[in-house]
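The exercises below are to be worked with the sequence and the model side by side. Each task is followed by a solution in steps.

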Amino acid sequence: MKTKSLGKNAFLNGLRSVLNIIFPIITFPYVSRVLSVGELGKYNWSNSFVSYFLLIAGLGIATYAVREGAKLRNDRNEISAFASQVFSINILSTVVSYILLFLCVLIFPKIQSYSACIYIFSIQIVFTTLGTEWIYSIFEEYTYITIRSIVFKILSIVMLFVFVRRPGDYLNYAGITVFSAVGSNVLNYLHAKKFCTIRFTFNIDWQEHLKPILIIFASSVATTIYLSLDTTLLGLINNNYVVGIYSVSTKMYNIVKQLIAAILTVTIPRFALLWGRHRYREYRKLLLQISDALALISIPAAVGVYMLASQIVILLSSTKYIRAVSSLRLLCPALIFSIFSWIFTSCVLIPAKRENKVLIITVLSAVVNLVLNLLLMPSLKENAAAITTSLSEAISMFLGMYYSRDIIKGLYKSGFWKEIFTYILGAISIVIICFAGDVLFDSTVMIILFDVVLSIVEYVLILLGVKNKFALDVLECILLRFK
């Protein structure tokens with residue numbers, strides 16, 4: 001099979017991430033003004049609750065499938081047999097997930113008040129399983145995924161303005177969210193026949209698949225605890241209003257995080273392929289390049305979001321959510337920590353089949369997150385959730401570095417840290433520009449435009465001035481396009 005261009009894949013996945021960003025940028029300001037803070041809190045709490053059952057249905061299969069399937073993709077018979085077994089395990093875990101969800105709704109009275117919204121979000125579970133997204137990651141088919149995203153995002157935006165028009169329409173909003181996320185997954189399942197034949201089978205090699213899948217699943221559970229439990233606990237310890245405020249912070253945080261992570265996502269199958277075929281020199285070279293590129297983007301992004309937090313909240317929601325500024329700022333360090341944590345777990349430890357180390361990392365991070373949330377949430381509310389998320393991501397990053405130390409030994413030399421210093425210098429210039437924007441303008445839109453445009457120009461000039469290789473390569477590609 002012909003190897004796909006990482007540059008093209010990164011562009012396509014970046015475009016898909018931009019679409020995922022544009023969708024909430026268009027819809028969230030509208031929704032946050034139409035719905036009450038409490039209704040938005042109810043929507044987010046239900047979504048958070050269902051995410052646990054999505055996790056049970058997923059069972060860590062996607063990560064395992066990409067890692068193992070990347071090595072088999074050149075043989076249709078082998079990849080078909082593998083994909084059918086993995087898909088069948090996924091079907092069984094989906095059935096278990098639905099049984100547990102319905103039992104929870106029936107048993108716990110507090111959850112019953114959210115039941116309608118929960119049932120709507122639960123549609124994602126079966127469609128995520130049918131979608132077999134991991135097939136497209138294995139074969140690096142980002143063109144199809146991107147085109148599909150464009151179509152369904154446009155349809156969802158039209159539906160939003162038609163069906164969400166007054167307070168109380170939060171259930172319609174939940175349904176449109178589900179349609180946007182998994183509406184095309186039946187098409188995914190049918191289109192997957194181009195790459196392999198997937199069918200349900202009871203002929204499963206449990207001995208081969210079950211242990212690594214369960215270890216990855218346990219890690220996913222722990223990760224979900226410190227990424228989603230904060231929203232669940234806010235609803236249980238405080239109220240829907242606090243959840244609504246925090247949902248604004250996490251929405252902004254996730255938008256930026258998704259855009260940065262677009263570069264990383266497309267490289268994960270390539271890391272699995274290079275490590276699985278013992279091409280370690282290429283593997284280390286790619287790891288260094290990705291680390292450098294993500295540092296270049298994540299450091300100024302975190303600083304920029306911190307400086308523009310109040311303007312972002314006002315522009316993308318409204319002044320009634322201004323309280324979300326503090327929790328958004330407290331989430332900014334997590335932008336950097338989470339990206340590098342992801343590098344060490346998904347690009348180093350998972351390809352090297354060290355799922356047990358990933359499990360240790362995520363369990364420790366989750367325990368810290370849970371304990372601190374229980375201690376701090378009664379008094380600090382949404383700020384406690386933001387603080388514990390940043391701390392958990394930092395712990396995950398440092399533990400990932402520790403357990404990867406033999407693989408990355410000698411990789412991050414003085415040249416890499418010199419580049420990091422350059423990125424920090426560029427970030428300081430962003431702080432100065434943002435202070436100037438506050439002095440020069442009163443308009444929220446003008447402040448954002450001035451700060452963002454001037455910060456990008458200044459940052460690029462600094463990178464070119466110190467002859468940053470990544471910036472020079474990008475400039476060379478742009479110049480070649482216009483020749």
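Helices (H or I, at least four residues) and strands (E, at least two) are DSSP runs, numbered from the N terminus. The model is predicted, so local features need pLDDT of at least 70 and side-chain atom pairs count only at pLDDT 80 or more, while totals for chains, interfaces and linings use all residues. Residues are numbered from 1 along each chain as its sequence is written, and side-chain values use heavy atoms, with hydrogens and water left out.

**Exercise 1. Positive phi**

Task: Then do the like for Thr132.

Solution. Step 2: its phi is positive, about 60°, although Lys353 is not a glycine. Step 3: buried means under 20% relative accessible area, exposed over 50%, and partly exposed in between (1.4 Å probe, protein chains only). Thr132 counts as buried because its relative accessibility is 0%.

**Exercise 2. A contact across the sequence**

Task: Find what separates the C-alpha atoms of Ala116 and Leu171.

Solution. Step 1: locate Ala116 in helix H6 (residues 115–131); its relative accessibility of 39% makes it partly exposed. Step 2: Leu171 is 55 residues from Ala116 along the chain, and their C-alpha atoms are 7.6 Å apart.

**Exercise 3. Rings and charges**

Task: Classify the pair formed by Tyr402 and Tyr403, then look for charges over rings.

Solution. Step 1: rings of Phe, Tyr and Trp (its six-membered ring) pair if their centres lie within 6.5 Å; planes under 30 degrees apart count as stacked, over 60 as edge-to-face and the rest as tilted. This rule gives 20 aromatic pairs. Step 2: the centres of the Tyr402 and Tyr403 rings are 5.2 Å apart and the planes stand at 70°, so this pair is edge-to-face. Step 3: Tyr402 is partly exposed at 44%, whereas Tyr403 is buried at 17%. Step 4: a charge sits over a ring if NZ of Lys or CZ of Arg is within 6 Å of the ring centre and within 35 degrees of the ring normal. Arg405 lies over the face of Tyr402, 4.1 Å from the ring centre. Step 5: Tyr114 has the charged end of Lys42 over its ring, 5.8 Å from the centre. Tyr114 also forms one aromatic cluster with Trp45, Phe49 and Phe53.

**Exercise 4. Cysteines**

Task: How many disulfides does the whole structure hold?

Solution. Step 1: a disulfide is a pair of cysteine sulfur atoms within 2.5 Å. Step 2: the search finds zero. Step 3: take Cys104 as a case; its closest cysteine sulfur, in Cys117, is 16 Å away, which is too far for a bond. Step 4: Cys196 is buried, at 1% relative accessibility.
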